[in-house]
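Okay, everyone, thanks for coming. Let me put the structure up, and then we'll walk through the sheet and the pocket.

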Amino acid sequence: MIKQFVDGHNNARRAVGVPPLKWEPVLARFASVYANKRRRDCKLVHSPGYAFGENIFWGEGQRWSAKDAVSAWVAEKQFYHYNNNSCSGEECLHYTQIVWRTTERVGCAKIVCDDKNTFIACEYYPPGNYVGARPY
(Lines give C-alpha, C1' and ligand atoms only; values in the text may rest on other atoms or scores of the structure.)
Protein backbone atom coordinates (compact mmCIF):
# COMPACT_ATOMS: atom_id res chain seq x y z
CA MET A 1 0.00 0.00 0.00
CA ILE A 2 2.88 2.41 0.73
CA LYS A 3 4.12 1.92 -2.84
CA GLN A 4 0.67 2.81 -4.24
CA PHE A 5 0.59 6.01 -2.20
CA VAL A 6 4.13 7.08 -3.07
CA ASP A 7 3.99 6.09 -6.75
CA GLY A 8 0.68 7.88 -7.31
CA HIS A 9 2.01 11.08 -5.76
CA ASN A 10 5.34 10.93 -7.53
CA ASN A 11 3.85 10.21 -10.95
CA ALA A 12 1.83 13.44 -10.63
CA ARG A 13 4.86 15.34 -9.39
CA ARG A 14 7.07 14.05 -12.21
CA ALA A 15 4.46 15.25 -14.73
CA VAL A 16 4.99 18.86 -13.59
CA GLY A 17 8.72 18.62 -12.94
CA VAL A 18 8.89 18.77 -9.15
CA PRO A 19 11.05 16.51 -6.95
CA PRO A 20 9.60 13.22 -5.67
CA LEU A 21 8.17 12.79 -2.19
CA LYS A 22 9.62 10.38 0.35
CA TRP A 23 7.51 8.23 2.67
CA GLU A 24 7.59 9.49 6.25
CA PRO A 25 6.58 7.02 8.99
CA VAL A 26 5.83 9.83 11.48
CA LEU A 27 3.33 11.36 9.03
CA ALA A 28 1.85 7.91 8.37
CA ARG A 29 1.40 7.45 12.12
CA PHE A 30 -0.34 10.83 12.41
CA ALA A 31 -2.60 9.87 9.48
CA SER A 32 -3.38 6.52 11.12
CA VAL A 33 -4.22 8.06 14.48
CA TYR A 34 -6.49 10.61 12.83
CA ALA A 35 -8.15 8.08 10.51
CA ASN A 36 -8.94 5.92 13.52
CA LYS A 37 -10.64 8.89 15.18
CA ARG A 38 -12.99 8.91 12.16
CA ARG A 39 -13.68 5.15 12.43
CA ARG A 40 -17.07 5.57 14.12
CA ASP A 41 -18.52 8.29 11.87
CA CYS A 42 -16.34 8.10 8.73
CA LYS A 43 -16.98 11.83 8.18
CA LEU A 44 -14.93 13.67 5.60
CA VAL A 45 -13.58 16.15 8.16
CA HIS A 46 -10.00 17.42 8.30
CA SER A 47 -7.83 16.91 11.35
CA PRO A 48 -7.21 19.89 13.63
CA GLY A 49 -3.45 19.68 12.98
CA TYR A 50 -1.98 22.71 11.23
CA ALA A 51 1.66 21.60 11.00
CA PHE A 52 0.95 19.38 8.01
CA GLY A 53 -0.88 19.59 4.72
CA GLU A 54 -3.65 17.02 4.48
CA ASN A 55 -5.76 15.26 1.87
CA ILE A 56 -8.68 13.09 2.94
CA PHE A 57 -10.82 10.67 0.98
CA TRP A 58 -14.10 8.85 1.64
CA GLY A 59 -15.45 6.03 -0.47
CA GLU A 60 -18.62 4.01 -0.14
CA GLY A 61 -17.79 0.40 0.65
CA GLN A 62 -14.49 -1.36 1.20
CA ARG A 63 -13.21 -1.62 -2.35
CA TRP A 64 -11.20 1.63 -2.34
CA SER A 65 -7.40 1.42 -2.55
CA ALA A 66 -4.57 3.86 -1.95
CA LYS A 67 -4.27 4.15 -5.72
CA ASP A 68 -7.98 5.07 -6.00
CA ALA A 69 -7.67 7.89 -3.46
CA VAL A 70 -4.55 9.39 -5.02
CA SER A 71 -6.05 9.07 -8.50
CA ALA A 72 -9.16 10.96 -7.35
CA TRP A 73 -7.03 13.78 -5.97
CA VAL A 74 -4.80 13.90 -9.06
CA ALA A 75 -7.90 13.98 -11.31
CA GLU A 76 -8.53 17.48 -9.93
CA LYS A 77 -5.66 18.66 -12.18
CA GLN A 78 -8.29 19.42 -14.83
CA PHE A 79 -9.70 22.14 -12.57
CA TYR A 80 -6.35 23.81 -11.81
CA HIS A 81 -5.29 26.69 -14.06
CA TYR A 82 -1.60 27.44 -13.75
CA ASN A 83 -1.75 30.68 -15.77
CA ASN A 84 -3.85 32.46 -13.17
CA ASN A 85 -3.20 30.04 -10.27
CA SER A 86 -6.87 29.28 -9.73
CA CYS A 87 -9.41 26.47 -9.56
CA SER A 88 -12.52 26.40 -11.70
CA GLY A 89 -15.69 24.50 -11.02
CA GLU A 90 -14.66 21.59 -8.84
CA GLU A 91 -12.08 21.40 -6.08
CA CYS A 92 -8.38 21.36 -7.01
CA LEU A 93 -6.57 21.87 -3.70
CA HIS A 94 -6.00 18.14 -3.18
CA TYR A 95 -4.12 18.12 -6.49
CA THR A 96 -2.10 21.24 -5.72
CA GLN A 97 -1.04 19.80 -2.35
CA ILE A 98 0.22 16.68 -4.11
CA VAL A 99 2.37 18.70 -6.54
CA TRP A 100 3.44 21.45 -4.12
CA ARG A 101 7.12 21.98 -5.00
CA THR A 102 8.43 22.50 -1.45
CA THR A 103 6.62 19.50 0.05
CA GLU A 104 9.17 16.74 0.65
CA ARG A 105 7.47 13.99 2.64
CA VAL A 106 4.17 12.14 2.75
CA GLY A 107 2.58 9.59 5.06
CA CYS A 108 -0.86 8.05 4.65
CA ALA A 109 -3.31 5.63 6.23
CA LYS A 110 -6.41 3.75 5.12
CA ILE A 111 -9.14 2.34 7.35
CA VAL A 112 -12.53 0.72 6.93
CA CYS A 113 -14.96 2.52 9.19
CA ASP A 114 -17.56 0.88 11.41
CA ASP A 115 -20.14 1.55 8.68
CA LYS A 116 -17.98 -0.49 6.22
CA ASN A 117 -17.00 2.57 4.18
CA THR A 118 -13.41 3.63 3.48
CA PHE A 119 -11.52 6.61 4.90
CA ILE A 120 -8.03 7.54 3.70
CA ALA A 121 -5.81 10.36 4.95
CA CYS A 122 -2.46 11.62 3.67
CA GLU A 123 -0.31 14.09 5.58
CA TYR A 124 2.33 16.31 3.93
CA TYR A 125 5.40 18.13 5.20
CA PRO A 126 6.16 20.87 4.68
CA PRO A 127 2.55 21.74 3.88
CA GLY A 128 1.47 23.50 0.72
CA ASN A 129 -1.51 25.44 -0.59
CA TYR A 130 -0.38 28.85 0.60
CA VAL A 131 -2.80 31.51 -0.60
CA GLY A 132 -1.37 33.44 -3.54
CA ALA A 133 1.56 31.06 -4.08
CA ARG A 134 1.89 28.71 -7.04
CA PRO A 135 2.37 25.00 -6.38
CA TYR A 136 5.18 24.69 -8.95
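So, in which sense do strand 2 and strand 6 pair, and over how many bridges? They run antiparallel, over seven bridges, with strand 6 covering residues 118-125. Before I go on: this is a predicted model, where local features need pLDDT of at least 70, side-chain atom pairs count only at pLDDT 80 or more, and totals for chains, interfaces and linings use all residues. Numbering starts from 1 along each chain as its sequence is written, and side-chain values use heavy atoms, leaving out hydrogens and water.

Strands here are DSSP runs of E, at least two residues, and helices are H or I, at least four, numbered from the N terminus. Pairing needs at least two DSSP bridges between two strands.

In that strand pair, Trp58 sits opposite Phe119 of strand 6. Helix 3 (residues 66-74) packs on the sheet and touches strand 2 and strand 6, contact being heavy atoms within 4.5 Å.

Zooming out, the sheet is open, with four strands in the order 1-5-6-2 and mixed pairing. At the edges you've got strand 1 (22-23) and strand 2 (53-59), each pairing on one side only. Helix 2 (residues 25-37) lies across strand 1, strand 2, strand 5 (105-112) and strand 6.

Now the lining of the largest pocket. Strand 4 (86-87) and helix 4 (93-98) each supply at least two of its residues. By type, the lining has nine nonpolar residues, five polar and no charged; nonpolar means Ala, Val, Leu, Ile, Met, Phe, Trp, Tyr, Cys and Pro, charged means Asp, Glu, Lys and Arg, and the others, Gly among them, are polar.

Technical notes. Axes fitted to C-alpha atoms, helices over the stretch in contact; angles between N-to-C directions.
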